[in-house]
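Thanks for asking me to look this over. Here are my notes, as numbered points; please keep the model open beside them.

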Amino acid sequence: MHLAYPAVLSALLFCTGLYGVLARRNAILVLMSVELMLNAVNLNLVAFDVWLSRTARETLHSGQALTLFTIAIAAAEIGIGLAIVLAVYRNRGTSDIDKLRDTAEGPETAGPDTEGPGTSAAEKAEATA
């Protein structure tokens, strides 16, 4: 098989995953898109390993070994990612990335007219009176 076919398929998979990371708002769909991108890289690694093994007599199959390492890292990443998404969903009630980004920014900085985190009880009482 010619090298162009898996390379084109890998490029399409990677672009689909990149679009999913940039356009999706749901954290689980973003994690799935990252997995698509990693699988595109794995396809490239194996395709180029097979292509290079045809030209060299003694080959180490380093592309396939690196693919196994990437699969192990991807499995750990998806496990930790899903655990984080579930914990955030339990605490905040949503897995929408835009809403999580808004709540992560916290309150605005306190000016002289507003109450800040260091405001004492006496100052709060004076401000309400």
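1. Helices (H or I, at least four residues) and strands (E, at least two) are DSSP runs, numbered from the N terminus. Read that way, the protein chain runs α-α-α-α-α along the sequence, with 5 helices and 0 strands.

2. A word on the source: this is a predicted model, in which local features need pLDDT of at least 70 and side-chain atom pairs count only at pLDDT 80 or more, while totals for chains, interfaces and linings use all residues. Residues are numbered from 1 along each chain as its sequence is written, and side-chain values use heavy atoms, with hydrogens and water left out.

3. Now the chain as a whole. Of its 129 residues, 20% count as buried (buried means under 20% relative accessible area, exposed over 50%, partly exposed in between; 1.4 Å probe, protein chains only). The accessible surface of the protein chain is about 9700 Å², and 65% of that belongs to carbon and sulfur atoms (Shrake-Rupley method with a 1.4 Å probe; for residues, only the protein chains shown count as cover). Taking contacts (heavy atoms within 4.5 Å) between residues at least 6 apart in sequence, 53% join residues at least 24 apart.

4. Which residue of helix α1 is worth a click? A polar atom of the Ser 10 side chain lies 2.6 Å from the backbone oxygen of Ala 40. Leaving aside residues up to four places away in sequence, Ser 10 touches Ala 40, Val 41, Leu 43 and Asn 44.

5. Phe 14, Leu 18, Leu 22 and Val 41 make a nonpolar surface patch of about 350 Å² (patches are made of residues with over 30% relative accessible area and no salt bridge: like charges are joined within 9 Å, nonpolar side chains (Val, Leu, Ile, Met, Phe, Trp, Tyr) within 5 Å). Helix α1 (residues 4-23) gives the most to this patch, with 3 residues. Phe 14, in helix α1, is partly exposed at 33% relative accessible area.

6. The structure holds 1 salt bridge (a side-chain nitrogen of Lys or Arg within 4 Å of a carboxyl oxygen of Asp or Glu). The side chains of Asp 98 and Arg 25 form it, at 2.0 Å, N to O. Asp 98 is partly exposed at 24% relative accessible area, whereas Arg 25 is exposed at 51%.

7. Finally, an unreviewed UniProt entry annotates residues 65-89 as "transmembrane region"; such annotations may be inferred rather than shown by experiment. In the model, that span is 100% helix and 0% strand, with its end C-alpha atoms 36 Å apart.

Conventions: A polar contact is a pair of N or O atoms within 3.5 Å; within protein, one must be able to donate a hydrogen and the other to accept it, and residues adjacent in sequence count only if both atoms are side-chain atoms.
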